[in-house]
Amino acid sequence: MTLTPEAQAEIDELRATPRPTLRAVSEGMEAHLYKARPVLDHGFVRVIDYMGDDSAICQAARVSYGKGTKSVSNDEGLIRYLMRHWHSTPFEMCEVKLHVKLPVFVARQWIRHRTANVNEYSARYSILDREFYIPAPEALAAQSVVNNQGRGEALTGEEAARVLDWLKQDSTRAYDHYAEMISQDGQQGLARELARMNLPANIYTQWYWKVDLHNLFHFLRLRADAHAQYEIRVYADAICDVVKDWVPFAYRAFEDYRLGAVTMSAQMVDCVRRMLAGESVTEENCGMSKREWREMMGVLG
């Protein structure tokens, strides 16, 4: 991860000047404020601001003036009830604003979650840094033979070395040409908004991303899943580490009822009931497609 001396100085100054407040404070989140958590080779995630905590979720659910007379155990039980029964609105009372540095191809996958407020670094006004995501050798993998949008076994030997070499060469050459095109040394220089079209998808961009807790949990359920692409999953994992300190009750409920849970169709439930009744249920008589059968058996182990 690369943080400029100026950026680090800004972070140090912000953390060195705490201010008194009357608003709800999460001690766990306070420890994360402004700190940059490294992700991939040059990326990071850092918390810029947040609103609410576990008690804010309960307060919204009860529509109370404050903490009320309920105990901590009651608060956790309420949060688990809300999560279990998909009562999502109280979780929307908590929000977080993140500063994220990530490769462009990861950003384009991330932005498909259209439930947040985003402001991205503009290559129309500013010059992008010479920083590219180059995968670690173990992250280079072949196309999966069972999943059209996934990866299979890792590349090895000469092939892996050749791919890494091409990635480095192509990234460097594209940026060199970008820098030459926008240069005004002895020429007019191409507009930045046009020159950026030549940059590769592995160059790093940055944005501020603000989202409420309900939609953040939805993002994490998909992107922290083992089937998610590695390059976005590591960002989701970093965010999970922050959220579990911010709203520990809500995060534990999320782990139990979303992240570690499974969804079964009506046909799957019917098959499980038939199995429990002692019936021999097979792929041929289950009434589902081969893929659905395979997914159900994967869930059942």
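Predicted model: local features only at pLDDT ≥ 70, side-chain atom pairs only at ≥ 80, totals over all residues.
Q: What is the order of the strands in the open sheet?
A: Strands of a sheet pair through backbone hydrogen bonds, either parallel or antiparallel. Here five strands form an open sheet with antiparallel pairing, in the order S1-S2-S3-S7-S4. Strand S1 (36–39) and strand S4 (117–120) are the edge strands, each pairing on one side only. From one strand to the next, the twist averages 20 degrees.

Q: How many bridges join S3 to S7, and how many join strand S2 to S3?
A: Nine bridges join S3 to S7, with Pro103 opposite Tyr204 in S7. Strand S2 (residues 43–51) is joined to S3 by seven bridges, and Arg46 stands opposite His99 in S3. Both pairs run antiparallel.

Q: Which residue in S7 is the bridge partner of Asn119?
A: The partner is Tyr208. S4 and strand S7 (residues 204–212) are antiparallel and are joined by four bridges.

Q: How many residues of S3 are buried, and which strands does helix H8 lie across?
A: Buried means under 20% relative accessible area. Seven of the nine residues of S3 are buried, leaving the strand mostly covered. Helix H8 (residues 213–223) lies across strand S3 (95–103) and S7, at about 125 degrees to S7.

Note on methods. Residues numbered from 1 in each chain as written. Heavy atoms only, no water. Pairing = 2+ DSSP bridges. Helix = DSSP H or I, 4+ residues; strand = E, 2+ residues; numbered from the N terminus. Axes fitted to C-alpha atoms, helices over the stretch in contact; angles between N-to-C directions. Contact = heavy atoms within 4.5 Å. Buried < 20%, exposed > 50% of the residue type's maximum accessible area, 1.4 Å probe, protein only.
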